[in-house]
Amino acid sequence: MNLIFFVATGEKYVALAKHAIATLRLTYKEDIILLSDQNVNINNVITKKINHKKNGKHLKALSFQHIDFAAYDKIFYFDVDIVFCQNINLIFNHIDETNIVCVKAQSPKKIFFSNCCRFACDNKKEEEISKKICGSNSGVFGGSSKNVLAFCEQWLKNLEKPNALRNQNFKDIYDQPSYNATIVNLLLSKSIKQTFLPSHLYSYNGKNLEKVLFSHLTHKKDLLEKISRKIIQKNKNRISLL
């Protein structure tokens, strides 16, 4: 059994989650879990209300405390501002026992090295490896249940470091620098390797919807709603022709 899970804090992100899940359910029939600070009911989705005092960004890393990862073989996390266009089950083929699967950011160098996304390196080895790896988007990651657990545990440790991983442009903790740090930690430990999904499998901002498995719309609520409705209607039309 495989799992796809989401995190949605606040009504705005719950609304996005409903659209994302509606497109996901067109091809994906296994478990979906939604963690939220809201009361949410969605058919065929396991929803869990999480009462917490920390920033919502922590919920990705804290997910292992609320989901029994060991009950699943392979796990993927997706941000809620994503639409699913084709048979998403294919992404699980890219997971093995040694890797964490990521997607490259829309602007990899910017997302890794910008002031709001870089992290404070603890030593020269971390600094050296951080300059070599290409930035990945914290909005999508997956792996075996064991590797996702290890990833989230390390991510939470990094999130809880005072100030070093704070977004310089905002007052609160931002998850991308701590995500970057976690990738570096795992690569240095050689316990888990980083694997990127092939770039032809996904897009940003609704491009190539006929070809990609999913598209990340980066907080574009109106566009996500419009595209999700089109995808669902197209699927209904296809079924009616069968």
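This is a predicted model: local features need pLDDT of at least 70, side-chain atom pairs count only at pLDDT 80 or more; totals for chains, interfaces and linings use all residues.
1. The buried residues of helix 5 pack against helix 2 (58-62), strand 4 (74-78), strand 6 (99-104), strand 7 (136-144) and helix 6 (175-189). The buried set in helix 5 is Ser145, Asn147, Val148, Phe151, Cys152, Trp155, Leu156, Asn158 and Leu159. These residues lie on the same side of helix 5, because they cover an arc of only 165° around the axis. Lys146 and Lys157 are exposed on the other side of helix 5.

2. Next, the length of that helix. Helix 5 covers residues 145-159, 15 residues in total. From its first C-alpha to its last, helix 5 reaches 21 Å, close to the 21 Å expected at 1.5 Å a residue.

3. Helix 6 can be checked in the same way. With 15 residues at 1.5 Å a residue, helix 6 should span 21 Å. Its end C-alpha atoms are 21 Å apart, so the span agrees.

4. How much of helix 6 is buried? Helix 6 is mostly covered, with 12 of its 15 residues buried. The buried residues are Asp175, Gln176, Pro177, Ser178, Tyr179, Asn180, Ala181, Thr182, Ile183, Val184, Asn185 and Leu186. Helix 6 lies across strand 6, strand 7 and strand 8. Against strand 7, helix 6 runs at about 45°.

5. Those strands belong to an open sheet of 7 strands, in the order 3-2-1-4-7-6-8. Pairing in this sheet is mixed. Strand 3 (46-49) and strand 8 stand at the edges. Each has a single partner strand, so one side of each is left without a neighbour in the sheet. On average, neighbouring strands of this sheet are turned by 25° against each other, direction ignored.

6. Which residue stands opposite isoleucine 75? It is glycine 143, in strand 7. Both strand 4 and strand 7 are also among the elements that the buried residues of helix 5 pack against.

7. Helix 1 (residues 11-24) lies across strand 1 (3-8) and strand 2 (31-36). Helix 1 runs at about 160° to strand 1. For helix 6, the angle to strand 7 is about 45°.

8. There is also an open sheet of 3 strands, ordered 5-10-9. Its pairing is mixed. Strand 5 (82-84) and strand 9 (202-204) are the edge strands, and each pairs on one side only. Neighbouring strands here are turned by 20° against each other on average, direction ignored.

9. Strand 9 and strand 10 (residues 214-216) run parallel and are joined by 3 bridges. In this pair, tyrosine 204 stands opposite histidine 216 of strand 10.

10. Leaving aside neighbours within four places in sequence, histidine 216 is in contact with Asp79, Asp81, Ile82, Asn137, Gly139, Ser203, Tyr204 and Asn205. Tyr204 in that list is also the residue opposite histidine 216.

11. Most residues other than glycine have a negative phi. Lysine 190 is not a glycine, yet its phi is positive, at about 60°. With a relative accessibility of 75%, lysine 190 counts as exposed.

12. Asparagine 208 is the other case. Its phi is positive too, near 55°, in a residue other than glycine. Asparagine 208 sits in the loop between strand 9 and strand 10. Asparagine 208 counts as exposed, at 52% relative accessibility; the cut-off is over 50%.

13. Finally, the cysteines. How many disulfides are there? The count comes to 0, taking cysteine sulfur atoms within 2.5 Å as the criterion. Cysteine 85 is buried at a relative accessible area of 15%. Cysteine 102 also counts as buried, at 0% relative accessibility. Cys152 is among the buried residues of helix 5.

Key. Residues are numbered from 1 along each chain as its sequence is written. Side-chain values use heavy atoms; hydrogens and water are left out. Helices (H or I, at least four residues) and strands (E, at least two) are DSSP runs, numbered from the N terminus. The expected span of a helix is 1.5 Å times one less than its number of residues. Buried means under 20% relative accessible area, exposed over 50%, partly exposed in between (1.4 Å probe, protein chains only). The arc is that of the directions from the helix axis to the C-beta atoms. Contact means heavy atoms within 4.5 Å. Two strands pair if DSSP finds at least two bridges between them. Axes are lines fitted to C-alpha atoms, for helices over the stretch in contact, and angles run from 0 to 180 degrees between N-to-C directions.
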